[in-house]
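Thanks for coming, everyone. Please take a moment with the sequence and the model before I walk you through a few of the contacts.

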Amino acid sequence: MELLCPAGNMASLKAAINAGADAIYLGIKDNTNARSFAGLNFTPDTLKQAAAIVKRAGKKMYLTINTFPQTGQEQRWYDAINAAADYQADALIMADISLLDYASQRHPQLPLHLSVQASVTNAAALNFFQQEFGIRRAVLPRVLSLKQIRDLAKDTSVELEVFAFGSLCIMAEGRCQLSSYVTGESPNRGGSCSPAKHVRWHEANGERLTRLNEVLVDKTGVEENIGYPVICKGRYLADGAEQPEFILESPTSLSTLELLPELARSGVGSLKIEGRQRSPAYVSQVTKVWRQAIDTYLHAPEQYQSRAIWQQVLTKVSEGQATTAGAYQRSWQ
Ligand code: SF4
């Protein structure tokens, strides 16, 4: 199984390679990818350097061009696709049908991976993208159970990639009305949900009030360890409830260390670590743990067990210092 790691900048790219990633995904410094934060991503020059570093290390580089162009602005996305061809990316990660069409016509030699943002969850849809655009791989949305992934793998020859570790999003992968309602910005083209410029903290009388614009997302003690505030992971007072609760989603990270053998047996070919917005130290720590886990599994698949020390390292860097297996272990369909 491939270990695919995030690189928001050159330091993270080197950290991922040194820690044992098989492949790196990254984006260009504009809104052609869904993580267009200030200070993140690659210029044409740094992309060229990144491609050379990745090739020298014998790894793979996938360029993320996974946002949806607005009418009249398509050229920026075409330029990004052409740059990927120039720098010999090992694959493009894309969701928009018109871009898949452009890339498959213009650069038929460039492998295409269907982004999680396409939210494709059934074999017929995967096979359609394969027939029309020749996609080699699809990144599955984080809403599928292990059984659904197994069933999918039986009915398609498209290679499957899943999220193994990182933040969870309960919406249709980046198309969030919650965040755009409160901030007025698209989580897709704006770089993230809950952009930092809308976040406000106010501390008084031992309490910390966290707001996104004017919406109170959480109230905690000032010493309490809290994750980055996003609307779906806020605590709200539901009608009739006595205490504010996490009524939509808890702040927690997806972690599938325990499920590694089942993911492998399900036919998953690539494990993705989420987090291009995270620090090089984070990328290094998480990549090292997953390298060890995959190597341990490959060495003796039948004896594989997740180790407590791996989980400790991952829990420390997880949202809310808690992890979940998310939908993979959901019993209902
Ligand atoms: S607010 Fe929650 S559901 Fe919406 S994009 Fe952010 S993480 Fe996803």
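**Domains, helices and salt bridges**

Let me begin with Glu-319, which forms a salt bridge with Lys-233, the closest N and O atoms being 3.3 Å apart; by salt bridge I mean a side-chain nitrogen of Lys or Arg within 4 Å of a carboxyl oxygen of Asp or Glu. Please keep in mind that this is a predicted model, in which local features need pLDDT of at least 70 and side-chain atom pairs count only at pLDDT 80 or more, while totals for chains, interfaces and linings use all residues. Residues are numbered from 1 along each chain as its sequence is written, and side-chain values use heavy atoms, with hydrogens and water left out.

Turning to the domains, whose bounds come from an automatic or database domain assignment, we have domain 1 (2-168 + 252-329) and domain 2 (177-233), with their C-alpha centres 27 Å apart. In the interface, 13 residues of domain 1 are in contact with eight residues of domain 2, where contact means heavy atoms within 4.5 Å. The two domains bury about 900 Å² between them, 37% of it on carbon and sulfur atoms, and this buried area is the accessible area (1.4 Å probe) that two parts lose on being put together, summed over both. How many salt bridges does the rule find across the interface of domain 1 and domain 2? It finds one.

For the structure as a whole, the number of salt bridges is 15. Among them is the pair of Asp-22 and Arg-291, with the closest N and O atoms 3.1 Å apart. This pair links distant parts of the chain, 269 residues apart, since Asp-22 sits in the loop between α1 and β2 (23-26) and Arg-291 in helix α9 (residues 280-299); helices (H or I, at least four residues) and strands (E, at least two) are DSSP runs, numbered from the N terminus.

Finally, in the meeting of α1 with α2, Met-10, Leu-13, Lys-14 and Ile-17 of α1 touch Thr-46, Gln-49, Ala-50, Ile-53 and Val-54 of α2.
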